[in-house]
Amino acid sequence: MREKLIAANWKMNGTIAEALQFIAALKFESKSGPRCEVVICPPFTVLYALDEALSGSPFKLGAQNMHWEEKGAFTGEISPEFLAELNVRYVILGHSERRQYFSETDEMVNKKIAAALDKTITPIVCVGETLVEHEAGQTVTKVRGQMEKALKNLSAAGMEHLVWAYEPIWAIGTGKNATAQHAQKVASEMRTLLETKCGKSVAETMRILYGGSVKANNAGDFLKEKDIDGLLVGSASVDPKEFAAILSTITA
Ligand code: PGA
């Protein structure tokens, strides 16, 4: 059985002081401990402080991006090794904001996935369609294309650790979440593709998250769906009460 995973994508929010306050509040709000895997992905500048603050807690640390090279003349970039040194266990890759505002391509995402797996950092690979593609009925084609390019030349070893996040771009930060039925339909198509690419047993172990305007009042609907193994939460994840409420929707 796939363990559910809920990841917090803080985006460009959170000073060190705010992050430490958040963790203290989250620990207070979820005293009995989460019933799933929980990953907090703060800005890079906060990772060091959160590595300490999260030690001994059930919450794991993730990053929002990284470069694929180990080191060198890449001004402003962060390598997989830097993240591994800070006990970063997950990294969000190919988020639509990276693709849209920083021209990140499928080829770059593919290189980043290989580099993360090499350092045993679990990639959370984001895929999803624009509103225009959605309305034109091109969702599955777009998502399948992104996944095929993401997986190119990756060896089967380690692949089962990959996590996918289906994030329709029109649902991100808009307050207009996809319906759970739509998300399930796409997640099921994603798993079918994974079966053909990686075999049934690997496809069955890979987790597929939904992301896009997830809140405490809709989280449970997504989590009930068969192929949805968790959530990638943006704006609702910076409020410890709301985030704890999302975590508490996992009951079993
Ligand atoms: P949102 O963002 O929850 O604010 O829609 C989700 C994401 O970008 O991962």
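I take a polar contact to be a pair of N or O atoms within 3.5 Å; within protein, one must be able to donate a hydrogen and the other to accept it, and residues adjacent in sequence count only if both atoms are side-chain atoms.

**Entry: ground rules.** I am working on a predicted model, in which local features need pLDDT of at least 70, side-chain atom pairs count only at pLDDT 80 or more, and totals for chains, interfaces and linings use all residues. I number residues from 1 along each chain as its sequence is written, and side-chain values use heavy atoms, with hydrogens and water left out.

**Entry: Lys112.** I looked up Lys112 and found a polar contact of 3.0 Å between its side chain and that of Glu104. Lys112 sits in helix α5; helices (H or I, at least four residues) and strands (E, at least two) are DSSP runs, numbered from the N terminus. Lys112 has a relative accessible area of 3%, so I list Lys112 as buried. My cut-offs are under 20% relative accessible area for buried and over 50% for exposed, with partly exposed in between (1.4 Å probe, protein chains only).

**Entry: ligand.** Which residues are around the ligand? I noted Asn9, Lys11, His95, Glu167, Ala171, Ile172, Gly173, Gly212, Ser213, Leu232, Gly234 and Ser235. A residue goes on this list if one of its heavy atoms lies within 4 Å of the molecule. I found a ligand oxygen 2.7 Å from an N or O atom in the Glu167 side chain. On the backbone side, a polar atom of Gly234 is 2.9 Å from a ligand oxygen, and a polar backbone atom of Ser235 is 2.9 Å from an oxygen of the ligand.

**Entry: largest pocket.** I read a volume of about 390 Å³ for the largest pocket. The search runs on a 1 Å grid over the protein atoms alone, and a pocket is an open set of points with protein on both sides within 12 Å along at least five of seven lines; lining residues have an atom within 4 Å of a point. Grid points are joined across faces, edges and corners, and the volume is the space filled by probe spheres set on the points. The lining has 14 residues, and Lys11, Met12, Gln64, Arg98 and Phe102 lie nearest the centre. Helix α4 (residues 96–101) gives the most to this lining, with three residues. I sorted the lining into seven nonpolar, four polar and three charged residues.

**Entry: salt bridges.** I searched the whole structure and got 17 salt bridges, each a side-chain nitrogen of Lys or Arg within 4 Å of a carboxyl oxygen of Asp or Glu.

I then checked Glu97 and Lys11, whose side chains form a salt bridge at 2.8 Å, N to O. Glu97 is in helix α4 and Lys11 in the loop between β1 and α1 (16–29), so the pair ties together parts that are 86 residues apart in sequence. Glu97 is partly exposed at 23%, and Lys11 is partly exposed at 21%.

Asp106 and Lys149 also form a salt bridge, at 3.8 Å, N to O. Asp106 belongs to helix α5 (residues 106–118) and Lys149 to helix α7 (residues 139–151), so this pair ties together parts 43 residues apart in sequence. Asp106 is buried at 16%, whereas Lys149 is partly exposed at 40%.

Last, I looked at Arg2 and Glu204, whose closest N and O atoms are 3.3 Å apart in a salt bridge. Arg2 lies in the segment before β1 (5–9) and Glu204 in helix α9 (residues 200–205), 202 residues apart.

Technical notes
On a 1 Å grid over the protein atoms alone, a cavity is a set of points where a 1.4 Å probe fits but cannot get out, and a pocket is an open set with protein on both sides within 12 Å along at least five of seven lines; lining residues have an atom within 4 Å of a point. Ala, Val, Leu, Ile, Met, Phe, Trp, Tyr, Cys and Pro count as nonpolar, Asp, Glu, Lys and Arg as charged, and the others, Gly among them, as polar.
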